[in-house]
Amino acid sequence: MSQDSNSTKQRTYAPSQEFASQANATADLYTQAEEQGEEFWANQARDLLSWSTPFNSVLDWSNPPFAKWFEDGKLNAAYNAVDRHVEAGNGDRVALHFEGEPGDSKSYTYSELKDEVSKAANAMESLGVSKGDRVAVYMPMIAEAVITMLACARIGAIHSVVFGGFSADALRSRIDDGEAKLVVTADGSYRRGKPTQLKPAVDEALSKGGKSVKHVLVVKRNGSDVPFENGRDVWWHEALEAASTEHTPSEQGAEDPLFILYTSGTTGKPKGILHTTGGYLTQAAYTHKNVFDLKPETDVYWCTADVGWVTGHTYIAYGPLLNGATQVIYEGTPDSPHRGRFWEIVQKYGVTILYTSPTAIRTMMKWGEEIPAEFDLSSLRLLGTVGEAINPEAWTWFRKYIGAEKCPIVDTWWQTETGAIMISPLPGVTETKPGSAQIPLPGIAVDVVDDAGTSLPNETDGFLVVRKPWPSMLRTIWGDDDRFVNTYWAQFGDKYFAGDGAKRDADGDVWILGRVDDVMNVSGHRLSTPEIESALVSHPSVAEAAVVGAADETTGQAVFAFVILSDHATTEARDETELSEEIRAHVGKEISPIAKPKKVLIVPELPKTRSGKIMRRLLKDVAEDRPVGDVSTLADQTVMQQIVDSLGTK
């Protein structure tokens, strides 16, 4: 990295006095959490949520690793997200600003959202859905996706959202594993200006499995002509037109299941992460309020994630609504119909808080700062990143060109399994450090340990673990307690192992080194994927980079780098072999000669999921010269062929 955790002198950014004086979180939150222990979380649960039956039990950890939080309390997630804001006199506040890819838009106040969620809940009950039933949700990023999730929660049904970019087979396996009774989908969506279809994938999935499914509820989004099976398929608009806006939320136990979410990229049987109600909602509300410094009366919040991922659950469907926020949800991509689309939306709605991915930021860096400069971004007051470690160069660009060098940046680390943010700066408190997730939030206990589970000193690479239970932790893997124990707890016994490598720098700040299988071992040296990628993108000719470790007879593993050139580099008449060697040497200079990639391969694109994650396993297939694996989760399934073709011509 040009500016990494080993830097002797790295710039930090203190919060402005003005921001700090009005921030939700103060430094004494850490002291409170330390002194109060479990009671700290009990106070958050009481302050941030409404309970129909108050809890007395806080944490039951008598049978680790199976935690129970607030077990004797009762509440309803949809009531907490919607109804209580209406009852408090905030029914006229906008809850959701929906922005469609073609430019259509619709806003829902909390009162209107309550009516829609109630109608959807009544419609689902009329189709035979009741407490404990599973509902598969296979939707584009439209308001009805959030409404569906909340309607499930209102009934006590368990939603299982499947990312709309997944294949019919991936959908079928998730429907079958959860034995879903209902599937909610749409005829289709829009993708870069063209209508797409979703319903046919549901039909294909159900033709191969899905025997548990009784009905398919279909939102008419783009008017695609899709097959319809009488008796099974029901139009959303017809079902809701016939439904009442009156619906009493069911009372749920704090440990009743709220949702299953399948982790992406798993092999074999899908791994359904189970989250329950009380603890999950507590940490969702707590982190959203403090990490994003939410002021519900004045803020307009926008998380650019898809509801198919956990970020879209915790920081779209639940956290913001629990806190009474006004938020934007967007159906499309950052580059359609033009590359300024994100900034146009920020300007249109006066977005104040923006939470997005490092991949999106690096893509926009590649396009150039001239594009955001065309829009009024002065409403922004806080920026956040999620999904992977952000390299310092992208962090600094984000702060300068999007945040006008005044917005604090919260670089957040968490997972599907953790349910909510675990490590992040607290805006108004933390001096931020580009590239570091920094320190665990108040109430969270993380550590960096060696193979034996022993705490490591600063500036030593190790494994990231969580030492104490936390409210939003996964409770198990759906239907497979043994797999839950073996996957997350077997390696270190009493500690949850996140699967990520990490180290603390000289100041004790945490740097995420990526998945342990992304930490390459080259001649006995542990090399971090994000660190090498940061060095690559700090070269002026490189816009984006992805690194994989490929088997090597001499060194065990060798570093293969795939890079996309910046716009100005592609217009220069440079010999690609010469440029590749120059980039290799640059990495050696930035980190050490041992980190120099064996090969730097210049490619037209990188394989990404629709949420922006780079699918490194596919690049590893190329590096190890074997047939490319399943590309069904990619946003553009032709990318791998483009890469193979481009390398074949060189």
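I take buried to mean under 20% relative accessible area, exposed over 50%, and partly exposed in between, with a 1.4 Å probe and protein chains only. By that cut-off Val537 is buried, because its relative accessible area is 13%.

**Ground rules**

I am working on a predicted model, where local features need pLDDT of at least 70, side-chain atom pairs count only at pLDDT 80 or more, and totals for chains, interfaces and linings use all residues. Residues are numbered from 1 along each chain as its sequence is written, and side-chain values use heavy atoms, with hydrogens and water left out.

I started from a UniProt record. An unreviewed entry there gives "binding site" for Val537, His539 and Val542. UniProt positions follow the numbering used here, feature names are shortened, and annotations may be inferred rather than shown by experiment.

I placed Val537 in helix α16, residues 529–537. Val542 belongs to strand β28, residues 542–552. Helices (H or I, at least four residues) and strands (E, at least two) are DSSP runs, numbered from the N terminus.

Next I looked up contacts, meaning heavy atoms within 4.5 Å. I set aside neighbours within four places in sequence. Val537 then touches Asn391, Glu393, Val542, Ala543, Glu544 and Ala545. For Val542 the list is Leu536, Val537, Val563, Ile564, Ser566 and Ile583. Val542 counts as buried because its relative accessibility is 6%.

**Entry: Thr363**

Glu544 came up again. With neighbours within four places in sequence left aside, Thr363 is in contact with Glu544 and Lys608. I found Thr363 in helix α13, residues 358–367. Thr363 is at 16% relative accessibility, so I noted this residue as buried.

I went back to the UniProt record. A "binding site" annotation from an unreviewed entry lists Asp411, Thr412, Trp413, Trp414, Gln415, Thr416, Asp500, Arg515 and Arg526. I followed up Asp411 and Thr412.

Asp411 sits in strand β20, residues 409–411. Thr412 is in the loop between β20 and β21 (446–449). Are they buried or exposed? Asp411 is buried, because its relative accessible area is 3%. Thr412 is at 5%, so Thr412 counts as buried too.

I then checked polar contacts: pairs of N or O atoms within 3.5 Å, where within protein one must be able to donate a hydrogen and the other to accept it, and residues adjacent in sequence count only if both atoms are side-chain atoms. The side chains of Asp411 and Thr385 form one of 3.3 Å. Thr412 and Tyr355 are joined through their side chains by one of 2.7 Å.

Beyond four places in sequence, the contacts of Asp411 include Thr385, Ile390, Ile423 and Ser424. Those of Thr412 include Val291, Tyr355, Thr385 and Ile423.

**Entry: Gln327**

I located Gln327 in strand β17, residues 326–330. What is its relative accessible area? The value is 0%, so Gln327 is buried. A polar atom of the Gln327 side chain lies 2.8 Å from the backbone oxygen of Ile316. Not counting residues up to four places away, Gln327 touches Ala95, Leu96, His97, Tyr301, Tyr315, Ile316, Pro320 and Leu321.

**Entry: α5 against α6**

I turned to a helix pair. Helix α5 (residues 110–126) packs on helix α6 (residues 143–155) at an angle of about 65°, with axes 8 Å apart. Axes are lines fitted to C-alpha atoms, for helices over the stretch in contact, and angles run from 0 to 180 degrees between N-to-C directions.

Which residues of α5 and α6 meet? Among them are Leu113, Val117 and Met124 in α5, and Ile147, Leu150 and Ile155 in α6. The residues of this contact divide into 10 nonpolar, two polar and three charged. Here Ala, Val, Leu, Ile, Met, Phe, Trp, Tyr, Cys and Pro count as nonpolar, Asp, Glu, Lys and Arg as charged, and the others, Gly among them, as polar.

**Entry: backbone notes**

I logged a cis peptide bond from Pro64 to Pro65, with omega near 10°. Pro65 is in the loop between β1 (59–63) and β2 (66–69). The bond from Ser336 to Pro337 is cis, with omega near 5°. Pro337 lies in the loop between β17 and α12 (341–349).

Glu179 is not a glycine, yet has a positive phi of about 50°. I found Glu179 in the loop between α7 (168–178) and β8 (182–186). Its relative accessible area is 53%, so Glu179 is exposed.
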